[in-house]
Amino acid sequence: MSICTTVSRELTEPLAGTAPRAAAWLLIEQAGPWGPRALTESHFDPELGRALQRQVRGTGVEIALIRRPGKHADRPPTGERSVYLAHTAPSAAAGGGWVREAQLADPSDLLDLDFAAIGAGTQPGFGTPYSGDPLALVCTNGRRDRCCALLGRPLAADLAAAGHAQVWEVTHLGGHRFSPTMLVLPYGYAYGRLSAHTAKEVLEATRAGLIMPEWCRGRTFWDRPGQAAELAVRRSYAVEGVDELVIEQVADTTRHPEDQPDGWTVRVAHLDGRAWQARVRRTAADPARPESCLKAPTHPDRFDVITLEPLHGALATRGNLRA
């Protein structure tokens, strides 16, 4: 079967607008092997995994397991485990993002969290505030897709060997065909098609409060049309600060109001008062390509910025921005 990353690169498939959607992330350390559905197919208690999945449903919180890079013995864990809880809103929206960390001996304590409030941005009394180096979460779960293992595990190991202390392997970030993929906290930007060199640049930029649009898939706080529009503004107007932009997204339901929308108007506002309006269109990618090495070729959604124009009385400039 074709390697999905090779096909995606050959088709020059755009990265923008492909990040997973999650307002908040719950990351639980779990050493040892992971199955395709790691929360219920690993040494993590499957009943607890199912209970957590039920509690986060519809809250905007995504759960993933993490482990340190390296070899993973096939044995149940003992002692305390690291847990991170992060919200990915920019500082000018929903109260801003945050990260909290804890060491838990009993992960069932997580059932006491109010996930609806967390997804809405309320910071709980869980653990302590995290203020260390950026958290680099590299997808490495080969049981979901072999590209994640073949490309992700060497990247995670290289970053750890280079001295980036907060590097973790993670079970799933979506977008196997963009491997190696990495989620960076505290800001919640997902990146794809990284090399060891570009991944280190991303972490250095994150440490400085900046984003690298070239390798970015989007901020997980925004829906995918908003992700695409934000990155179009960043590329066109050299906006690098992570928390400088806020998105307002309105679906176009005039053409097919009874169906899922295929067009959006997205307003992108800068903290300095500038603003832009983007028209985003969803289409089915063509030709068909495998979204994963384990799946048959299909036509995944892509989100293209068709027009982008400045607002607030600035001279409007229109252009075809389709990738």
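1. Glu13, Pro14, Ala16, Thr18, Arg177, Asp301, Arg302 and Phe303 line the largest cavity. Please keep in mind as you look that this is a predicted model. Sorted by class, the lining of the largest cavity has three nonpolar residues, one polar residue and four charged ones.

2. How much space lies in the largest cavity? About 40 Å³. The structure holds four cavities of 30 Å³ or more. If you wonder how such spaces are found, rolling a probe the size of a water molecule over the atoms shows where empty space is left.

3. Now turn to the largest pocket, which holds about 400 Å³ of space. Its lining is made up of 18 residues. To find the middle of the pocket on your screen, look for Pro36, Arg37, Ala38, Gln53 and Arg144, the lining residues that lie nearest its centre.

4. Which elements give two or more residues to the lining of the largest pocket? They are helix α2 (46-56) and strand β2 (61-67). The largest share comes from β2, with five residues. By class, the pocket lining divides into nine nonpolar, five polar and four charged residues.

5. Next, a pair of helices. Two packed helices are described by the angle between their axes and the distance between the axes. Here, helix α4 (residues 146-161) packs with helix α5 (residues 196-207) at an angle of about 55°, and their axes are 10 Å apart.

6. Which residues meet where α4 and α5 touch? From α4 come Leu155, Asp158 and Leu159, while α5 brings Ala196, Ala199, Lys200 and Leu203. This contact of α4 with α5 has five nonpolar and two charged residues, with no polar ones.

7. A cis peptide bond joins Ser179 and Pro180, with omega at about -5°. You will find Pro180 in the loop between β7 (167-170) and β8 (182-185).

8. Another cis peptide bond joins Asp286 and Pro287, and here omega is about 5°. Where is Pro287 placed? Look in the loop between β13 (275-284) and β14 (301-310).

9. One last stop is Thr12. Although Thr12 is not a glycine, it has a positive phi of about 50°. Thr12 sits in the loop between α1 (4-10) and β1 (24-29).

Definitions and conventions: Residues numbered from 1 in each chain as written. Predicted model: local features only at pLDDT ≥ 70, side-chain atom pairs only at ≥ 80, totals over all residues. Heavy atoms only, no water. Axes fitted to C-alpha atoms, helices over the stretch in contact; angles between N-to-C directions. Helix = DSSP H or I, 4+ residues; strand = E, 2+ residues; numbered from the N terminus. Contact = heavy atoms within 4.5 Å. Nonpolar A, V, L, I, M, F, W, Y, C, P; charged D, E, K, R; others polar. 1 Å grid on protein atoms, 1.4 Å probe; cavity = no way out; pocket = protein on both sides within 12 Å on 5 of 7 lines; lining within 4 Å. Points joined across faces, edges and corners; volume = space filled by probe spheres on them.
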